[in-house]
Structures are given as structure tokens and as C-alpha cells.
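Biologist: I want to learn how to read packing in a model. Where do we start?

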Amino acid sequence: MDADRISDGTGLPVEEVVLANGMRFLLLERTGAPTVSFVVHVGVGSIHDPPGQTGVSHFLEHLLFKGTTTIGTTDVALERIHMDAMDAVHDSIVQEGVMPSAGPGVVERLQARLEALEDSARAYVIPNEYDQILTSHGARGPNATTGYEATTYYVSLPSNRAKLWFVLESDRMRSPVLREFHTERRVIMEERRLRTETSAPALLSATYYGAAFTDHPYGVPPIGYAEDLLRLSRREVEAHHQRYYGPGQTTIAIVGRFEADSAAVWAERYFGTIERRGAAPPAPPPEGVQVEPRRVETRYDAGPAIRIGWKVPSGLAPESPALQVLANLLVGSTDARLHRRLVIDDRIAASVFAGTGPGRLHPGLFTIQAIPIAPHAPEDVEAAIYSELDRLRRVPPTDGELRRVRRALLAAEVRRLASAEGLAFQLASSQAAWGDWRETFRLQERMRAVGRDEIARVLDVYFRPEGRTVAILRPAEEP
């Protein structure tokens with residue numbers, strides 16, 4: 001096999017298995033530690049949450065760890081009776097909240113009734129049994145994450161326990177039970193308070209994306225809005241699962257020390273009988289053209305920060321490699337232009353970051369974020385950022401700067417190839433986004449080929465004031 005193609009990733013001996021129901025497996029055997037990493041990529045994220053049900057994809061992710069008809073319960077039939085009763089009480093709570101009709105104290109009494117039913121249902125629940133089975137067999141993980149465009153489940157197991165994953169994961173896909181629903185809602189609400197409502201970076205992020213995206217759901221935090229989470233019903237979450245969690249939306253990457261032939265047999269045996277269902281989620285509404293700069297502020301008991309973003313094409317667009325290289329030219333090392341200007345030379349910022357996001361399937365933002373150092377204000381840092389971008393237009397990157405970026409990109413690629421779990425993530429996400437697991441490696445090749453002309457073009461086309469959004473975080477006590 002061509003050594004260069006192996007070193008850049010496109011020649012990796014990945015075996016592809018596609019089942020009749022549309023589920024796709026990417027199998028990559030590796031030598032080394034006797035472990036196997038499993039990554040399940042489902043092409044459903046928060047941008048696919050229906051209006052009024054923000055947070056449903058993230059809620060579903062939590063609930064899929066609660067077990068199935070055979071795991072996590074001592075009697076699923078009796079458990080379902082209690083779940084139906086709890087759901088009926090919750091429907092009444094929602095109705096009273098929207099249209100109160102029975103006088104004061106009704107919601108409080110209904111809430112007490114719901115909690116009593118939850119206590120009764122716990123008699124049939126085996127808490128965290130799914131996780132306990134995995135961890136008792138040496139699993140590392142198991143965990144999941146819900147992003148804007150996909151939900152990903154992952155775990156690593158000893159090689160001699162690989163078959164266990166096929167048994168457990170196929171059962172979870174086929175017959176999940178969304179138990180402990182109302183208890184988990186409180187967990188998610190607390191997570192929202194800790195990570196969104198009382199986190200300065202998260203507040204700035206929500207303010208920033210909310211101002212930049214007024215039509216596209218990139219403007220909605222993946223965890224959802226509190227009022228939607230409080231209203232969300234088990235029926236709606238189950239419907240979301242049935243509608244979009246079909247085999248055709250699922251890509252599974254398995255990387256590590258295992259036998260691909262055995263894995264292919266297990267894939268067919270355990271997943272092949274899952275019915276083909278659901279459809280690809282509909283495309284979200286496009287963001288309208290931004291015709292003037294936007295500026296927003298938020299306050300919190302924390303130090304100041306600033307985010308500046310310019311509208312750019314999706315991560316699948318031809319301009320994407322040049323935008324990634326631009327980010328590296330600005331902040332990719334201590335010698336990068338923005339880092340040197342703000343942090344080392346002028347000493348007006350403690351840190352600076354640049355990159356594209358929040359997703360890659362739809363047009364997004366090229367973001368520069370910085371933390372000012374007192375007594376410098378966010379506006380001082382903002383002016384320096386604009387000045388440095390103008391200088392980059394006048395003084396194109398040197399051959400030495402571009403070589404530095406190319407070396408950094410090559411080192412990052414080598415690091416990705418060294419990690420089984422990281423490589424599994426990359427294979428699955430690349431296959432889902434581009435329809436080819438090799439494409440993410442080809443993107444690296446295109447990034448290494450970017451030159452001065454491409455950098456100049458993206459600066460000229462996209463870094464215009466009318467497409468810019470600025471969000472500033474100020475301390476709460478600042479006048």
C-alpha cells in the first residue's frame with residue numbers, strides 16, 4: 001500500500017459495511033493496546049429540534065442511557081403504568097401553566113402528585129444499569145454529546161469485550177425506554193443553570209450566536225430554552241426518536257484491536273434486523289443576508305470578554321481550507337500575528353482565539369474571541385484586531401508563516417492518527433458530513449496547499465463590516 005496515502009489518512013485500510021436497513025459501519029483494525037473504541041454518529045442535532053421543542057435532541061441523548069425493556073427495570077409493564085400516570089399529571093401541569101383555571105395552589109398539588117408517582121415508579125427501576133454493565137467489563141467512557149448538527153455516543157472497551165457492545169447498543173437502538181423522564185428533566189434544568197445561565201462564557205456565546213443568527217437555529221443553544229424544556233413531554237421525545245433515529249441516519253466507526261470479519265458478522269446479526277424507519281431531518285431555515293453590522297452586550301459578575309464574527313460559508317465550501325489556515329495564521333502559535341500583537345507585544349489581552357463555527361454543514365461565523373487585560377477595555381482589543389486584519393491585507397503572509405502553519409497541520413494530523421477514539425470520531429463525522437470518511441483527510445491536504453492569494457481573497461470577500469457581529473461581556477458592576 002502507498003506509504004504516503006497511509007500517512008495522510010486516505011489510505012487507511014477501513015472496511016465499510018452497509019446493512020440493508022441503511023446503517024453504515026466503518027471498521028479499522030489497529031495494532032497496539034488491546035482496546036476498541038466505538039463511536040455512534042446520529043445525524044440529528046439541536047438545529048433539527050422542532051419549534052417549541054428546543055433541547056429535545058439533548059434531552060433524548062440523556063434518556064437513552066436509562067435502559068431498555070430488559071435493562072434498567074425489574075418489571076417494565078408495571079413501570080409503564082406509572083409512566084403513563086406521570087405523563088398525564090405533567091400534561092395537567094402544563095395546561096394549568098398556560099391557561100390556569102382551578103385557582104391558586106393547583107400546580108403545586110399536581111407537582112406533589114407527580115413526585116409521589118416518581119417515588120412509586122422507582123420500585124421497578126435499576127438505576128444506571130446500562131452504565132454499570134459496561135464499566136464492570138472495563139469500559140472507558142461511556143458518554144455522549146449533542147451538538148448543533150449531530151449526536152454522538154462513544155465508549156472504549158477491552159478487545160475481548162467487543163461483542164458486548166454489539167449486544168447492548170443494538171438493544172438500546174431497538175427498544176429504549178425513556179424512564180425517569182421527569183427526574184431527568186430536573187437534571188437537565190440544573191445543567192442548564194450551571195452551564196448556561198451562571199457561566200460567563202456561555203452567556204456571551206448565547207448572546208453572540210443569538211444576535212448573529214436570527215433565522216437559522218444556530219442561534220439557539222443546543223441545551224434549549226427553559227420554557228420549552230419545562231413543557232416537553234415524553235411523547236414528543238419518543239416521537240423525535242422514532243422520526244429521526246433510524247438506521248439510515250446512523251454511522252458507526254469502530255477502531256482498535258479487533259477482528260473486522262467478526263465485527264461485520266456481529267453488525268449483521270445484531271443490527272441488521274432493526275427496521276428501516278425515519279427520514280433525514282429537514283434542512284433548517286436559511287439565515288437571511290446580513291446588511292449591517294450588529295452589536296450586543298451582556299453583563300455578568302466576571303471579567304470582560306469580546307467576540308467578533310463575520311459570516312462565512314459552510315465548512316463544506318471550497319473556501320473552508322483558506323479560512324482554517326487564516327485562523328492558524330492569526331492565533332495558531334505564539335508567533336501567530338494576532339497572538340503576538342495582542343498578548344505579547346501590546347499586552348492588552350490575556351488570550352485570543354480564532355476559528356469557524358458553530359457547525360460546519362451550514363454557513364456560519366469566523367470568530368475571534370479575546371479576554372482583555374485591565375485597564376484595557378474590549379473596545380481597545382477590538383480596534384487592535386481590526387488593525388491587524390488590515391495589516392494582513394497589506395502585508396501578506398510570508399513563506400515562513402505558511403510553512404509554520406503547514407507543519408502545525410501535519411503534526412495535528414499525526415496526533416489524530418495516533419488516537420483510536422479520536423480517529424473513530426473523525427471517520428464517523430467525515431462520512432456523515434461528506435459521504436466519504438476520506439474527505440476530512442483530503443481537507444487537510446487542501447489546507448496545506450493554501451497560499452497568499454486564497455488568504456487575500458477570503459479577507460476581501462468575507463471580512464466586511466456589514467457581515468460582522470460583535471458581542472461584549474462586561475462586569476455586572478461596571479457603570
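Modeller: With rings. Rings of Phe, Tyr and Trp (its six-membered ring) pair if their centres lie within 6.5 Å; planes under 30 degrees apart count as stacked, over 60 as edge-to-face and the rest as tilted. This is a predicted model: local features need pLDDT of at least 70, side-chain atom pairs count only at pLDDT 80 or more, and totals for chains, interfaces and linings use all residues. Residues are numbered from 1 along each chain as its sequence is written, and side-chain values use heavy atoms, with hydrogens and water left out.

Biologist: How many aromatic pairs does the structure hold?

Modeller: There are 20. Take Phe25 and Phe166: the ring centres are 6.5 Å apart and the planes are at 15°, so this pair is stacked.

Biologist: Which parts does that pair tie together?

Modeller: Helices (H or I, at least four residues) and strands (E, at least two) are DSSP runs, numbered from the N terminus. Phe25 sits in strand E2 (residues 24-29) and Phe166 in helix H6 (residues 162-174), so the pair joins parts 141 residues apart in sequence.

Biologist: How are the rings of Phe38 and Phe166 arranged?

Modeller: Their centres are 6.2 Å apart and their planes at 90°, so that pair is edge-to-face. Phe38 belongs to strand E3 (residues 35-42) and Phe166 to helix H6, so parts 128 residues apart in sequence are tied together.

Biologist: Is Phe166 buried or exposed?

Modeller: Buried means under 20% relative accessible area, exposed over 50%, partly exposed in between (1.4 Å probe, protein chains only). Phe166 has 1% relative accessibility, so it counts as buried. Phe38 is also at 1% and buried. Ring pairs link Phe25, Phe38, Trp165, Phe166, Trp266 and Phe271 into a cluster.

Biologist: What describes two packed helices?

Modeller: The angle between their axes and the distance between the axes. Axes are lines fitted to C-alpha atoms, for helices over the stretch in contact, and angles run from 0 to 180 degrees between N-to-C directions. Here the axes of helix H5 (residues 129-136) and H6 come within 11 Å and cross at roughly 170°. That makes H5 roughly antiparallel to H6. Angles under 35 degrees count as roughly parallel, over 145 as roughly antiparallel, 65 to 115 as roughly perpendicular and the rest as oblique.

Biologist: Which residues in H5 and H6 meet?

Modeller: Contact means heavy atoms within 4.5 Å. From H5, Tyr130, Ile133 and Leu134 meet Leu164, Leu168, Glu169 and Arg172 of H6.
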